[in-house]
Amino acid sequence: MKAGRILVALLFVVGGIGVLVSGATIYSRFLYSSAFLVLFSWAWTRWVIRGVVFERSSRELRANVGDVLEESYRISNRGRLPMPWVEILNHSTIPFAAGSRLFTLLMGKQRRNYTARTWLTRRGSFQLGPTRITVGDPFGLFTSSREFQSKDTLIVFPMIHEIRSFPTPQGVLTGGQVIRKKSPDVTPHAAGVREYVHGDAMKRIHWPSSARRNRLMVKEFEQDPQAELWIYLDLQQNIHYQQRHKQQEIPFYDMLLRKRPKIDLPPSTLEYSVSIAASLAHYFLNQRRAVGFASAGQTYNVLPAERSERQEAKILETLAFVKADGTLSLAGLVSTQAALLPQGSSVILITPTTRPTLLQAVDDLQLRYLSPIVVLLDVNTFGGPTGTDVLISALKDRRVPVIPIACEDDLPQALSEISSNFKLQELRQWQTPELSLSI
């Protein structure tokens with residue numbers, strides 16, 4: 001029990017007993033004083049809580065796992081009565097969210113500002129709130145609270161690893177047949193001109209045509225024959241595994257004198273797959289390659305291939321919400337989607353499967369003159385069954401680049417080593433896998 005409540009209870013008990021036993025005036029004063037303190041304290045807390053004004057904002061509402069979320073808090077006392085103490089509790093769903101504070105003696109017409117920083121360790125969508133403000137009276141008898149609902153939503157993208165090198169898709173040779181399809185990007189293949197529409201980029205204006213026609217004209221382009229690159233993410237529910245993992249809190253201190261801590265991915269095949277997909281999309285889009293994305297969970301996600309910063313944002317936002325809750329296998333995803341890809345494109349398959357359906361997906365891609373690259377997670381290191389080695393041998397027999405990923409591997413190093421260990425070969429119609437024969 002609080003000290004103030006103990007004092008009021010003693011005054012009330014002593015006053016009540018004294019009035020009943022002796023009837024002296026001092027005991028009645030004790031009794032009245034205790035009742036007055038209770039009423040005064042209750043009214044104080046109800047009054048001051050009405051004058052609380054709270055603001056909470058963040059510089060950015062888009063971030064990656066491993067970044068620091070910086071929030072600004074401001075609490076103001078618009079009333080005239082002082083607040084002996086104010087407690088601010090951050091009830092956001094962000095893991096180990098900072099921002100909770102306890103202030104003492106916030107005078108009337110005053111305000112307090114502070115900044116809270118939180119390490120982001122989980123992808124997804126999080127509300128910046130709600131925030132509960134609690135105030136108390138000078139005697140510590142009562143508390144009163146108000147809850148301020150969140151106004152902003154933070155989207156945390158997957159962790160991106162900086163890849164040094166990766167097999168560059170061969171694509172179609174320069175000078176091949178132009179794809180007769182309009183392209184939102186500027187390509188070497190101009191298709192014609194049209195009138196300027198509000199929102200068109202200035203770099204697409206064709207000034208000679210604009211001068212002749214006395215109005216702005218913009219160039220239209222067709223897709224070039226360079227191959228697209230697609231990332232297929234396997235989200236089949238019963239092939240993903242995760243080890244038990246207890247996430248530890250990473251406190252944020254003054255980073256001017258401390259080294260930034262390393263945030264490891266949880267031992268989950270899904271989180272590793274999502275991070276790999278985000279890293280590869282970031283790597284190839286920086287090289288100005290047209291990158292597309294496809295996955296099949298409870299929702300079917302297909303992002304047509306583009307080469308722009310907007311495309312990277314769309315892929316990362318999609319990956320921030322994906323879950324391993326699908327029923328369609330990777331082979332099924334390839335069979336439904338690969339027919340729409342231009343010949344010569346490369347497809348990166350990211351999967352933790354140990355089933356032979358992966359080989360069916362690879363064979364389907366090769367028959368369509370597409371170049372598959374497999375990023376295969378070793379589920380045995382994640383607490384799953386064995387069988388990854390058998391698939392790796394079968395993929396090497398098919399001359400398919402395969403990158404095995406185990407739990408706790410250094411992803412930038414593992415994804416960059418394939419360029420030096422494997423050389424992409426140009427597949428032709430008459431090529432068949434080299435099988436080892438035992439005599």
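The following legends describe close-up views of a predicted model.

**View 1. Nonpolar residues gathered at the surface.** The residues V13, I17, L20 and V21 make up a nonpolar patch on the surface. Together they present about 440 Å² of accessible area. One of them, V21, belongs to helix α1, which covers residues 3-21. V21 has a relative accessible area of 68%, and it is classed as exposed because this value is over 50%.

**View 2. The largest nonpolar core.** In soluble globular proteins, nonpolar side chains tend to be buried together. The largest nonpolar core of this model contains 52 residues. Within this core, F166, L280, I350 and I405 are the residues with the most contacts. Helix α4, formed by residues 269-286, contributes the most to this core, namely eleven residues. Another core, of 28 residues, lies apart from it and includes A296, L341, L376 and A394.

**View 3. The surroundings of I405.** Which residues is I405 in contact with, leaving aside its neighbours within four places in sequence? They are Y272, I276, V375, L376, L377, D378, F382, L411, A414 and L415. I405 is also among the residues with the most contacts inside the largest nonpolar core.

**View 4. A hairpin of two strands.** Strand β8 (residues 131-136) pairs with strand β9 (residues 143-148) in the antiparallel sense, and six bridges are found between them. In this pairing, T131 stands opposite F148 of β9. The two strands, β8 and β9, form a hairpin, and six residues lie between them. In the turn, G140 has a positive phi of about 70°.

**View 5. A serine in strand β3.** S76 is part of strand β3, which comprises residues 68-77. Is S76 buried or exposed? Its relative accessible area is 10%, and S76 is therefore classed as buried, the limit being under 20%. When residues up to four places away in sequence are not counted, S76 touches G51, V52, V53, Q110 and R111.

View 6. R62 lies in strand β2 (residues 62-64). With a relative accessible area of 39%, R62 is partly exposed, because this class lies between the limits of 20% and 50%. R62 and L154 are 92 residues apart along the chain, and their C-alpha atoms are separated by 6.1 Å. L154 is also one of the residues that R62 touches, residues up to four places away in sequence not being counted.

Methods: Residues numbered from 1 in each chain as written. Predicted model: local features only at pLDDT ≥ 70, side-chain atom pairs only at ≥ 80, totals over all residues. Heavy atoms only, no water. Patch = residues over 30% accessible without salt bridge, like charges linked within 9 Å, V, L, I, M, F, W, Y side chains within 5 Å. Areas by Shrake-Rupley, 256 points an atom, 1.4 Å probe, with all protein chains shown as cover. Salt bridge = Lys/Arg side-chain N within 4 Å of Asp/Glu carboxyl O. Helix = DSSP H or I, 4+ residues; strand = E, 2+ residues; numbered from the N terminus. Buried < 20%, exposed > 50% of the residue type's maximum accessible area, 1.4 Å probe, protein only. Core = buried A, V, L, I, M, F, W, Y, C linked by side-chain atoms within 4.5 Å. Contact = heavy atoms within 4.5 Å. Pairing = 2+ DSSP bridges.
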